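Subject: Structure for you to look at

Hello,

Here is the structure I said I would pass on.

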Amino acid sequence: MATEKYDFGMVGLGVMGRNFILNVVDNGFSAYGNDLDPEKVKALIDEGGDLDKVNASSDAKTFVDALSTPRKIMLLVPAGKIVDAVIESLIPLLDEGDIIIDGGNSFYTDTDRREAYLKQKGINFFGSGVSGGAKGARKGPSIMPGGSRKAYQHVKPIFEAVAAKYKGEPCVTYLGPKSAGNYVKMVHNGIEYSMMQLTSEIYDLLKKAGKLTNEELHQTYSKWNDGRLQSFLVEITADIFSQKDELTDGDLVDMILDKAKQKGTGKWTSQNAMDLGIPVPTIDIAVSMRQISALKSERIKADELYDRPTPSPIDKEELIENCEQALFFSFIMSYAQGMHQLSDASVEYGYELDLGEIAKIWRAGCIIRAALLADITEAYQNEPELENLLLSNSFVGKVQSTVGAARKVVAYGAANGIPLPGLFNALTYFDAYTSERLPLNVIQAQRDYFGSHTYERIDREGIFHTEWEED
């Protein structure tokens, strides 16, 4: 048994927690785990091997007493009331200056509440988003910490050691005060929803219109992943098409029910964007499509009631080329919307976010990692006050060269009854954002007509109201 205190503590030894703590140990730190389930405690001890480096207990006091001070305790438990319950169980055992880190997907206002509550007790608390799934937790995730800068310095060496590396740089950085870390992770997940929806729509189009086999889809997505679409989601989608089903003679992708579940982070992103007045339509529709997918029995009934066009003949190679361009275009729109939301939230909530640093730590380890993020990092580093990615001169050429293909793909889908809501919303967002004049003058006239809500004019300053004539 070790006589020295352990460097790091972890509450929650499920797949994520166990992998993260073993990652900590792999990088030269000692760590102690805690879980109410004795089987999970045993699993960590068995896998860790050397008790001088890693140990665990189901007893909270034994766990806390084993840690060096200031104690650095990370929670990887389900978001919500469980986090509060764990915190309450730890408080009587902790000393002033100890640190609790919430590594789950907690809603950002919960993090603000918890930080204020624990600050009164002299305990440091910060939220730290962790992205990369179970494999990322074991081999190197992207980590998004926010809260007390001073408290983070105690954890910084550990987090920088365990984080994913992009050309030698750790994919972690202090993001800002309060709930900045959880907020950035929330928007990360919103972008993730969008990119997942977009990759699935392109698959649907290639399969229905281009008649690509799963092997052809595998080859197509693999080729794309070797180019400018290089990303974790394109990479794993290519792998998905080659996975055989163990229960039948077919491919697994064809046997998976088309009902997508969600844990809420995409919805939170969408809801908060509306609160801030920031348009994120590609994220919004990605959330809505998961909700529509859940209506499977209703969709089956509706499908029997309405006719659908038979997809018109199309050149397969031309379709594949247009789809590559459309997907690249729509990925840019997804990042642009998410970064725009982060920019405004930073001002609204006092986060002091550096968008270049955020893009930088997303380049490896996380679910939305992509080659495109290197360009996004550079864009924000060159123009820290950039209002929207679409206003960066470095992105104008990328968008101009691909928007034509996006128009062709969306038009084909609409004409042939193939739903492409993510691609359509990405294109509509671009067209609206880049339009000097929109038809919203009519809406303002309507509002003033029925509700005397007033309007502004283009030719002079001030607020105006008209007594509209009614028959």
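This is a predicted model: local features need pLDDT of at least 70, side-chain atom pairs count only at pLDDT 80 or more; totals for chains, interfaces and linings use all residues.

The whole protein

The protein contains 19 helices and 9 strands. Its radius of gyration is 25 Å, close to the 23 Å that the globule rule gives for 471 residues, so the protein is as compact as a globular protein of that length. Taken along the principal axes, the box filled by the C-alpha atoms is roughly 80 × 65 × 45 Å.

Of the 471 residues, 50% are buried. The accessible surface comes to about 22,800 Å², and carbon and sulfur atoms account for 52% of that surface. For the contacts with a separation of 6 or more, 68% are between residues 24 or more positions apart.

One pair of helices

Two packed helices are described by the angle between their axes and the distance between the axes. The pair to look at here is helix α1, residues 15–26, and helix α7, residues 149–162. Their axes come within 9 Å and cross at roughly 100°. An angle from 65 to 115 degrees counts as roughly perpendicular, and α1 and α7 are therefore roughly perpendicular to each other.

Which residues make the contact? On the α1 side they are Phe20, Asn23 and Val24, and on the α7 side they are Ile158, Phe159 and Val162. Sorted by type, the residues of this contact are 5 nonpolar, 1 polar and no charged.

Two buried residues

Asn55 is in strand β3, which covers residues 54–57. Is Asn55 buried or exposed? Its relative accessible area is 4%, and buried means under 20%, so Asn55 is buried. Asn55 can also be compared in position with Ser435: the two are 380 residues apart along the chain, and their C-alpha atoms are separated by 60 Å.

Asp204 is part of helix α8, residues 180–208. With a relative accessibility of 18%, Asp204 also falls under the 20% cut-off, so this residue counts as buried. Leaving aside residues up to four places away in sequence, Asp204 touches Ile418 and Pro419.

Backbone details

- Pro70 sits in the loop between α3 (60–65) and β4 (72–75).

- Lys211: phi is positive, about 60°, although this residue is not a glycine. Lys211 is found in the loop between α8 and α9 (214–225). Its relative accessibility is 58%, and exposed means over 50%, so Lys211 counts as exposed.

- Thr454: here too phi is positive, about 70°, and the residue is not a glycine. Thr454 belongs to the segment after α19 (440–451). Its relative accessible area of 26% lies between the cut-offs of 20% and 50%, so Thr454 is partly exposed.

Regards

Conventions: Residues are numbered from 1 along each chain as its sequence is written. Side-chain values use heavy atoms; hydrogens and water are left out. Axes are lines fitted to C-alpha atoms, for helices over the stretch in contact, and angles run from 0 to 180 degrees between N-to-C directions. Helices (H or I, at least four residues) and strands (E, at least two) are DSSP runs, numbered from the N terminus. Angles under 35 degrees count as roughly parallel, over 145 as roughly antiparallel, 65 to 115 as roughly perpendicular and the rest as oblique. Contact means heavy atoms within 4.5 Å. Ala, Val, Leu, Ile, Met, Phe, Trp, Tyr, Cys and Pro count as nonpolar, Asp, Glu, Lys and Arg as charged, and the others, Gly among them, as polar. The radius of gyration is taken over C-alpha atoms; the globule rule is 2.2 Å times the number of residues to the power 0.38. Buried means under 20% relative accessible area, exposed over 50%, partly exposed in between (1.4 Å probe, protein chains only). Accessible areas come from the Shrake-Rupley method with a 1.4 Å probe; for residues, only the protein chains shown count as cover.
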